[in-house]
Amino acid sequence: MMEKSELERILAAIVAAEKEAAELVLHAHGILAECKSGHRDVVTEYDRRVQELLIRRLSEACPGARFFCEENDRHDDLQAEHLFIIDPIDGTMNFVRRMNHSCISVAYQSRGELLAAAVCNPYVDELFTALKGGGAFLNGRPIQVDPAPLSETIVCCGTAPYNEALTGRTFALMERAYRASLDIRRQGSAELDLCSVAAGRAGAYCELSISLWDYAAGYLIVTEAGGLCTREDGSPLPFDGSKTSVLASGPQAWADFREQVSL
Ligand code: IPD
Ligand code: CA
């Protein structure tokens, strides 16, 4: 068992590193996108620079730590004693297109147990944090999921843009989510969608294929805010690095989604 003060120190180091990285994102210029797996899957020098900065700062705070990151294929052992799961810029397409809705996301886990998370949206100066068993916070204030039924909320949807085999099913789900709720949103950052659920702004978030770095931090923030975060079929999320669907929401909206929206 890790001491609470040690966990708080690690969270403070994550937050300090993210704030430093936020300056890079906010003052980015001449952003050039390179394609990765396809034309929708892009990376920029800023994704790489933010990731390098986070790894440097977190290694200083936690010598010997391991990393599981989106860029540069750094996928260390998920069972390591100190492991940081990093998405340097979640919402890279928004970043490239200057949509001003992206975030820096870091989760910390020890021997496979998620213990701390922070998601920083530099454009609106919002910082979502959570410690396991300690609740979830937005800029230091406690947050809670919306207890309302799905029909009284809006639903965030992701399009699983890197897997076109899922496009038909995704848009069928989106239509069903729209009919079962007040409206839908496609905002372009999975982590910020999860934080929107945690803060009670959205009733649910669903996407059919995302990666561990897209949901590790948001998972802890949503569950610490009293929500559920599972696969779209209701089964537990994998934490072995495989891609997965995700459904996150308050308890009532989760049940409504499974009954009224899931195909
Ligand atoms: C993507 C964003 C997007 C979601 C994709 C993710 P990236 O992350 O979170 O909203 O639809 O599934 O991969 O590539 O911008 O870090
Ligand atoms: Ca991402």
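Visitor: Which residues line the largest cavity?
Guide: This is a predicted model. A lining residue needs an atom within 4 Å of a cavity point. By that test the lining is V155, C157, G158, T170, L173, M174, A177, C206, E207, L208, F257 and V261.

Visitor: Which element gives the largest share of that cavity's lining?
Guide: β10 (154-157), α4 and β12 are the elements that each give two or more residues to the largest cavity. The largest share is four residues. That share comes from α4.

Visitor: How many residues of the cavity lining are nonpolar?
Guide: Sort the lining of the largest cavity by residue class. Two residues are polar and one is charged. The nonpolar count is nine.

Visitor: What is the volume of the largest cavity?
Guide: The count of cavities of 30 Å³ or more comes to one. The largest cavity has a volume of about 70 Å³.

Visitor: Now the pockets. Which residues lie nearest the centre of the largest pocket?
Guide: The largest pocket has a volume of about 760 Å³. Its lining holds 34 residues. Nearest the centre are R40, P161, Y162, R186 and E207.

Visitor: Which elements give two or more residues to the lining of the largest pocket?
Guide: Strands and helices both take part. The strands are β1 (34-38), β2 (41-43), β4 (83-90) and β12 (204-210). The helices are α3 (92-96), α4 (167-180) and α6 (212-224).

Visitor: What about the second largest pocket: which element gives the largest share of its lining?
Guide: This pocket has a volume of about 410 Å³. Of its 20 lining residues, K4, L7, L115, L131 and K132 are the closest to its centre. α1 (4-26), β6 (113-121) and β7 (126-131) each supply at least two lining residues. The largest share, four residues, comes from β7.

Visitor: How many residues lining the second largest pocket are nonpolar?
Guide: The lining of the second largest pocket has six polar residues and five charged ones. Its nonpolar residues number nine.

Visitor: How many salt bridges cross the interface of domain 1 and domain 2?
Guide: A salt bridge needs the nitrogen and oxygen within 4 Å. R201 and E126 form a salt bridge, with their closest N and O atoms 2.8 Å apart. Across the interface of domain 1 and domain 2, the number of salt bridges is two.

Key
Residues are numbered from 1 along each chain as its sequence is written. Chains are lettered from A and ligands numbered from 1 in the order in which they are written. This is a predicted model: local features need pLDDT of at least 70, side-chain atom pairs count only at pLDDT 80 or more; totals for chains, interfaces and linings use all residues. Side-chain values use heavy atoms; hydrogens and water are left out. On a 1 Å grid over the protein atoms alone, a cavity is a set of points where a 1.4 Å probe fits but cannot get out, and a pocket is an open set with protein on both sides within 12 Å along at least five of seven lines; lining residues have an atom within 4 Å of a point. Grid points are joined across faces, edges and corners, and a volume is the space filled by probe spheres set on the points. Ala, Val, Leu, Ile, Met, Phe, Trp, Tyr, Cys and Pro count as nonpolar, Asp, Glu, Lys and Arg as charged, and the others, Gly among them, as polar. A salt bridge is a side-chain nitrogen of Lys or Arg within 4 Å of a carboxyl oxygen of Asp or Glu.
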